Structures are given as structure tokens and as C-alpha cells.
Amino acid sequence: MTAPVTSDQLCDYLTDQGIAFHRTDHPAVFTVAETAPHRDEMVGHHTKNLFLKDKKGRIFLVSAEAHARIDLKRLHERIGASGRLSFGSAELLLEKLGVTPGSVTAFAVINDRAGEVTMVLDATLATGEDVNFHPLINTATLRVSRDDLLAFFRSTGHEPLIVDLPVPPDGQNG
């Protein structure tokens with residue numbers, strides 16, 4: 001097995017691909033809520049990322065706006081998954097994307113060399129505003145343009161599935 005790409009290697013890769021980025025270093029954050037004190041210095045969409053699998057073992061990485069409410073009971077219908085989705089284990093996350101919980105990021109598809117992960121991007125993140133993701137570690141955030149993010153996905157062989165994620169009915173968490 002090839003070792004996962006490091007944060008520095010990711011930044012080198014982006015530079016080699018002509019993808020401009022702005023890096024902000026910060027203390028380790030493990031949840032969207034923990035990023036709040038650092039957001040003022042970062043423009044663009046802030047994101048959350050869900051590592052999911054379906055009943056047939058297909059793997060999905062879903063990236064959405066940080067405060068998006070997502071109806072996980074209906075998401076499988078929108079993305080073509082087999083049956084309801086569940087969260088992938090930390091072991092599977094490390095095996096497939098080379099990152100640990102708290103560092104899940106759209107950039108992790110660079111480590112999916114076998115093309116086993118379907119990249120799902122919330123349509124909100126594809127509107128044109130810059131987007132912010134961790135660079136494979138949770139002690140920094142990279143801001144890239146939407147077009148550069150799409151170019152990154154394509155350069156790694158992960159044409160993203162861009163969808164309007166289902167919103168839960170009132171009264172449900174998402």
C-alpha cells in the first residue's frame with residue numbers, strides 16, 4: 001500500500017497543478033463548532049465532510065456548507081446509493097482516504113488512488129464562492145476557488161457528483 005499524501009505534499013501537488021490556495025494555520029479543530037473562533041480571518045464557504053458507506057459497501061465523501069442540515073435518511077436517494085447510508089469507521093477512513101476523524105476533507109480523495117470513493121459536493125459549494133477545507137490535517141485550512149476545487153477533483157480522477165442535498169423536515173437533526 002502506498003503511504004497517504006501528507007499536507008505538505010498536497011500543497012506541493014496543488015502548486016504543481018496550478019491551483020492557487022491560501023493557507024490559514026490554527027489550533028487543532030475536530031468539529032464545525034470548534035472552527036468558529038478562526039472563521040473571521042477566512043473568507044468563503046466553510047465546510048463539513050461526511051464519510052459514508054451504503055449497504056453494498058460503496059463509499060461516499062460528502063462535502064457540504066458547514067451549517068447545512070442534511071437529511072441522512074433520504075440522502076441515499078439523491079446520490080444513487082444502495083439503501084440508507086451509515087458512517088464509515090475510523091479504520092475504513094484511514095484505509096481509503098488516509099486521514100483520521102477530525103481531518104476529513106474533500107482534499108482526501110487524493111489518497112483514493114483506486115477510485116473507490118464517490119465525491120459528492122453540495123450544490124451550495126459550487127455557486128462560485130471560494131471554499132475552505134482542511135489540507136489532510138485539522139491544524140490548517142486551505143481556501144481555493146470553486147473552479148480550482150473542481151480542477152483538483154478531476155486531476156485525481158474524482159469527477160464530483162454535484163447535488164442539492166436533501167434537507168430534513170423541521171424537528172429533525174441533520
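A nonpolar core is taken here as a set of buried Ala, Val, Leu, Ile, Met, Phe, Trp, Tyr and Cys residues joined through side-chain atoms within 4.5 Å. Buried denotes under 20% relative accessible area, exposed over 50%, and partly exposed the range in between, with a 1.4 Å probe and protein chains only. The structure is a predicted model, in which local features need pLDDT of at least 70 and side-chain atom pairs count only at pLDDT 80 or more, whereas totals for chains, interfaces and linings use all residues. Residues are numbered from 1 along each chain as its sequence is written, and side-chain values use heavy atoms, with hydrogens and water left out.

The largest nonpolar core comprises 32 residues. Those with the most contacts inside this core are L10, L97, F107, L136, L149, F152 and F153. Two or more residues are given to this core by each of helix 1 (7-16), strand 3 (59-65), helix 4 (90-97), strand 5 (117-122), strand 6 (131-133), strand 7 (140-144) and helix 5 (146-155). Helices (H or I, at least four residues) and strands (E, at least two) are DSSP runs, numbered from the N terminus. Helix 5 supplies the largest share of the core, four residues. The surroundings of F107 were examined through contacts, defined as heavy atoms within 4.5 Å. With residues up to four places away in sequence not counted, F107 touches L10, L14, F133, H134, P135, L136, L142, V144, L149 and F152. A second, separate core of 14 residues includes A64, L75, I79 and V163.

In helix 1, the buried residues are S7, L10, C11 and L14. These residues lie on the same side of helix 1, because they cover an arc of only 100° around the axis, the arc being that of the directions from the helix axis to the C-beta atoms. An α-helix has 3.6 residues a turn, so residues three or four places apart point the same way. D8, T15 and D16 are exposed on the other side of helix 1. The cover over the buried residues of helix 1 includes strand 1 (22-25), strand 7 and helix 5. After helix 1 comes G18, with a positive phi near 75°.

S7, a residue of helix 1, counts as buried because its relative accessibility is 8%. The side chain of S7 reaches the backbone oxygen of P135 at 3.0 Å. Residues up to four places away in sequence aside, S7 touches R23, P135, L136 and I137. S155, by comparison, is located in helix 5 and is partly exposed, at 30% relative accessibility. S155 and L14 are 141 residues apart in sequence, with their C-alpha atoms 9.8 Å apart in space. Beyond its neighbours within four places in sequence, S155 is in contact with Y13 and Q17.

Strand 2 (residues 45-53) is mostly covered, with eight of its nine residues buried. Strands are considered paired if DSSP finds at least two bridges between them. Strand 2 runs antiparallel to strand 3, to which seven bridges join it; K48 has A64 as its bridge partner in strand 3. The two strands form a hairpin with five residues between them, and G57 in the turn has a positive phi of about 90°. Strand 2 also pairs with strand 6, in the parallel sense, over two bridges, and the partner of H46 in strand 6 is N132. Strand 4 (residues 86-87) is joined to strand 2 by two bridges and runs antiparallel to it, with L52 standing opposite F87 of strand 4.

Side chains of opposite charge can pair when their charged atoms come close. The structure holds seven salt bridges, each defined as a side-chain nitrogen of Lys or Arg within 4 Å of a carboxyl oxygen of Asp or Glu. In one of them, R23 pairs with D25, the closest N and O atoms being 2.9 Å apart. R23 is partly exposed, at 29% relative accessibility, whereas D25 is exposed, at 51%. A further salt bridge joins the side chains of E95 and K96 (3.3 Å, N to O). E95 is partly exposed, with a relative accessible area of 48%, while K96 is buried, at 14%. K96 also forms a salt bridge with E116, with 2.7 Å between the closest N and O atoms. E116 lies in the loop between helix 4 and strand 5 and K96 in helix 4, so this pair ties together parts that are 20 residues apart in sequence. E116 is partly exposed, with a relative accessible area of 41%. Through shared partners, salt bridges join E95, K96 and E116 into one network.

How values were computed
A polar contact is a pair of N or O atoms within 3.5 Å; within protein, one must be able to donate a hydrogen and the other to accept it, and residues adjacent in sequence count only if both atoms are side-chain atoms.
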